[in-house]
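Trainee: I am new to this structure. Please take me through a close look at one part of it.

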Amino acid sequence: DNPATQFNLKTHMNSQDLKTAIEKITQRGGLSNVGRAISFVTKNFFSKANGNRGGAPNVAVVMVDGWPTDKVEEVSRVARESGINVFFITVEGAVEREKHYVTEPNFASKAVCRTNGFYSFNVQSWLSLHKTVQPLVKRICDTDRLACSKTCLNSADIGFVIDGSSSVGTSNFRTLLQFVANISKEFEISDTDTRIGAVQYTYEQRLEFGFDKYNSKNDILSAIRRVGYWSGGTSTGAAIQYALEQLFKKSKPNKRKIMILITDGRSYDDVRIPAMAAYRKGVITYAVGIAWAAQDELEVIATHPARDHSFFVDEFDNLYKFVPRIVKNICTEFNSQPRN
């Protein structure tokens with residue numbers, strides 16, 4: 001009915017102690033509340049305090065007798081977005097008296113990272129469970145296929161804040177959008193991986209699309225191409241504030257929040273206070289300046305250290321050169337952080 005930790009990742013440091021501890025586990029009885037168990041594991045088990053290491057993939061092997069007796073789809077989505085690769089081993093079917101508790105008969109296909117059979121095993125009887133050991137170990141060790149592991153490319157909400165002022169011009173605006181598309185292409189995009197949103201600003205601001213609007217790379221790239229040039233003044237401070245309220249307020253709690261602001265001129269309003277607000281809300285800001293942009297202002301907008309988060313280029317046609325550097329810096333920063 002209710003999950004409880006028997007031992008955590010750092011309790012036992014050698015195979016013999018681990019084997020002894022496993023043999024001491026006693027059966028508790030009750031229902032197969034798999035959803036509750038996955039939720040418990042997501043919240044408690046893979047934490048730094050309980051021995052989780054940032055660089056190692058997180059894997060949960062869930063053994064189910066028959067079917068879960070509670071819902072697993074939503075809690076499994078949260079587990080995926082937290083970077084946990086959930087493998088399901090379903091043994092036998094639900095017994096008669098459990099059948100009326102079954103709420104999601106095809107739970108495994110709803111719950112796993114990819115529905116290609118990689119994450120699930122159906123075992124006919126408990127007697128043949130031992131045959132699953134080697135195939136399971138092989139899959140767990142195939143780290144390239146552990147699609148739920150958090151990487152710098154699949155675990156962010158990236159919001160582009162795009163200057164649409166008069167000084168940009170129609171032709172340069174298309175070049176700017178191509179730069180946005182080229183960065184977006186580098187990430188793994190879906191509703192559970194990286195999500196992309198965009199704001200255009202002049203004196204005013206416009207939400208072009210939010211994080212929850214498109215969930216495939218093709219749809220995102222099409223949406224970027226469709227953004228229409230606005231023309232007007234340059235109120236960068238107001239644009240940052242608007243992006244925090246209209247875009248990043250809808251960011252998911254277990255996603256890294258990244259703002260990439262692109263401007264070609266000095267702002268007519270104050271950028272310091274909105275930049276501080278972004279920092280306090282945990283938004284990592286990259287400032288990209290072109291032509292008449294003020295480098296001192298870019299450094300104020302950018303997250304510290306400015307040398308890693310602010311970029312200046314003399315003309316729009318050279319924007320493309322920054323794509324690999326920005327992606328590399330996003331990944332370097334991600335890999336240097338301790339992760340749960």
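Let us look at the salt bridges. To begin, is arginine 195 buried or exposed?

Mentor: Keep in mind that this is a predicted model. Arginine 195 is buried, because its relative accessible area is 6%, and buried means under 20%. Its salt-bridge partner is aspartate 157, and the closest N and O atoms of the two are 2.9 Å apart. This pair links distant parts of the chain.

Now turn to helix H3, residues 73–81. Here arginine 77 and glutamate 81 lie 4 residues apart, about one turn of the helix. Their side chains meet in a salt bridge, at 3.0 Å from N to O. Arginine 77 counts as partly exposed, because its relative accessibility is 22%. Glutamate 81 is buried, with a relative accessible area of 4%.

Arginine 206 is partly exposed, with 29% relative accessibility.

Why can such pairs form? Side chains of opposite charge can pair when their charged atoms come close. Across the whole structure, a search finds 8 salt bridges.

Definitions and conventions: Residues are numbered from 1 along each chain as its sequence is written. This is a predicted model: local features need pLDDT of at least 70, side-chain atom pairs count only at pLDDT 80 or more; totals for chains, interfaces and linings use all residues. Side-chain values use heavy atoms; hydrogens and water are left out. A salt bridge is a side-chain nitrogen of Lys or Arg within 4 Å of a carboxyl oxygen of Asp or Glu. Helices (H or I, at least four residues) and strands (E, at least two) are DSSP runs, numbered from the N terminus. Buried means under 20% relative accessible area, exposed over 50%, partly exposed in between (1.4 Å probe, protein chains only).
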